[in-house]
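Here's a quick briefing to read alongside the model. Take a look at the fold first, then go through the notes by topic.

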Amino acid sequence: MTAALAPAAALDVAGWQARRRAHEQRVDAWLAPHLARRRTGEKHPVEDFLFTYYSHRPAQLRRWHPGAGVVLRDADPAEFGRDYRATAAGLTLDTDRVHARRAESIDWIRTLLAATAGRPAHLGCFGMHEWAMVYRQTQDEVRHNAWPLRLSPAATAAVVEERGVRCSHFDAYRFFTAPARPLNLLTPTREGQHALEQPGCLHANMDLYKHSYKLSPLVPSELVADCFELAREIRTLDMRASPYDLTALGYSPVRIETIEGRHEYVLAQRSFAERAAPLRSRLIAECDRLLAASDR
């Protein structure tokens with residue numbers, strides 16, 4: 001049996017409604033174009049990725065939660081769902097109930113985030129994971145085959161073979177083509193994820209969004225949105241540095257097959273690692289708070 005967190009804050013109705021409204025408006029700016037494309041069947045290889053690859057649905061991202069231990073005065077339980085309970089002070093998340101479902105995930109996420117944060121950032125991969133995903137495939141076979149490759153399949157393969165692949169992230173590696181996997185310096189596995197993840201990896205930093213929503217509603221929705229925003233920007237670099245030609249969509253390529261392009265990539269990769277670090281720390285702190293409550 002877990003112990004409920006002591007209330008961290010009590011928000012009056014004006015305060016929590018303002019926070020909820022601000023969150024919804026922020027998220028709506030990201031959701032509206034995606035939902036419009038979904039209605040017409042249009043696909044976007046950059047902007048739609050976070051909604052198709054990750055399991056968090058648009059409605060879930062939009063829904064606001066204050067986080068564990070926050071009391072909402074004058075709130076209607078029907079607006080917040082079965083994970084909330086009414087108290088004399090106001091409505092609050094039933095932390096015991098949610099924690100019972102998420103205990104294993106909280107521990108797993110905390111361990112992974114702390115291990116990642118404790119390692120130096122490696123910045124020499126140059127985004128070759130996206131190239132390994134199309135290695136030795138024809139234009140028709142590649143994942144985003146509605147969009148042309150910048151180089152011919154043979155020239156794309158030559159870049160992979162010349163540069164090599166240094167990917168430490170299992171969820172990128174598992175999408176490599178079969179002939180590309182032996183070219184990778186490492187052989188990432190799900191079981192070895194905690195031993196390999198490092199804070200310079202674009203996908204490890206993009207996955208902060210996944211970790212944050214797996215902790216929801218125990219963490220504030222603003223934190224989930226912060227992680228989504230970073231992941232969205234990282235995805236843009238990911239695809240600009242990929243072998244796809246997305247200039248028709250307004251994305252100028254980062255030509256990692258050149259010295260100049262690799263320099264541009266490393267600068268952006270370092271910037272994302274620096275921006276991800278405080279988000280990772282915030283998620284670790286949230287996990288620690290939840291785990292400490294369960295030990296009491």
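Is Arg-110 buried, partly exposed or exposed? Arg-110 is partly exposed, at a relative accessible area of 26%, where buried means under 20%, exposed over 50% and partly exposed in between, using a 1.4 Å probe and protein chains only. Keep in mind that this is a predicted model, where local features need pLDDT of at least 70, side-chain atom pairs count only at pLDDT 80 or more, and totals for chains, interfaces and linings use all residues. Residues are numbered from 1 along each chain as its sequence is written, and side-chain values use heavy atoms, with hydrogens and water left out.

**Sheet**

- An open sheet is built from 4 strands in the order E1-E2-E4-E3, with mixed pairing; strands pair if DSSP finds at least two bridges between them.
- Strand E1 (9–11) and strand E3 (84–86) sit at the edges with a single partner strand each, so one side of each has no neighbour in the sheet.
- On average, neighbouring strands here are turned by 30° against each other, direction ignored, going by axes that are lines fitted to C-alpha atoms.
- E1 and strand E2 (residues 70–72) run parallel and are joined by 3 bridges; in one of these strands, E2, Val-71 is the bridge partner of Ala-10.
- Strands (E, at least two residues) and helices (H or I, at least four) are DSSP runs, numbered from the N terminus.

**Salt bridges**

- Searching the whole structure turns up 23 salt bridges, each a side-chain nitrogen of Lys or Arg within 4 Å of a carboxyl oxygen of Asp or Glu.
- Arg-26 and Asp-226 meet through their side chains at 2.8 Å, N to O. Arg-26 belongs to helix H1 (residues 13–40) and Asp-226 to helix H12 (residues 221–240), so this pair ties together parts 200 residues apart in sequence.
- Asp-83 bridges to Arg-97, with the closest N and O atoms 3.8 Å apart. Asp-83 is in the loop between helix H4 (77–80) and E3, while Arg-97 is in helix H5 (residues 95–117), so the pair ties together parts 14 residues apart in sequence.
- Here Asp-83 counts as buried at 12% relative accessibility, whereas Arg-97 is partly exposed at 37%.
- Arg-110 has a salt bridge with Asp-288, the closest N and O atoms being 2.7 Å apart. That pair links distant parts of the chain, with Asp-288 in helix H13 (residues 259–295) and Arg-110 in helix H5, 178 residues apart.
- Asp-288 is partly exposed, with a relative accessible area of 32%.

**Cavities**

- The whole structure holds 5 cavities of 30 Å³ or more. A cavity is a set of points, on a 1 Å grid over the protein atoms alone, where a 1.4 Å probe fits but cannot get out; lining residues have an atom within 4 Å of a point.
- The largest cavity has a volume of about 80 Å³, volume being the space filled by probe spheres set on the points.
- Its lining has 6 nonpolar, 3 polar and 1 charged residues, and includes Cys-125, His-129, Arg-166 and Gln-198.
- The second largest cavity comes to about 50 Å³, and its lining divides into 4 nonpolar, 1 polar and 4 charged residues. Among them are Glu-130, Arg-143, Asp-171 and Arg-235.

Note on methods: Axes fitted to C-alpha atoms, helices over the stretch in contact; angles between N-to-C directions. 1 Å grid on protein atoms, 1.4 Å probe; cavity = no way out; pocket = protein on both sides within 12 Å on 5 of 7 lines; lining within 4 Å. Nonpolar A, V, L, I, M, F, W, Y, C, P; charged D, E, K, R; others polar.
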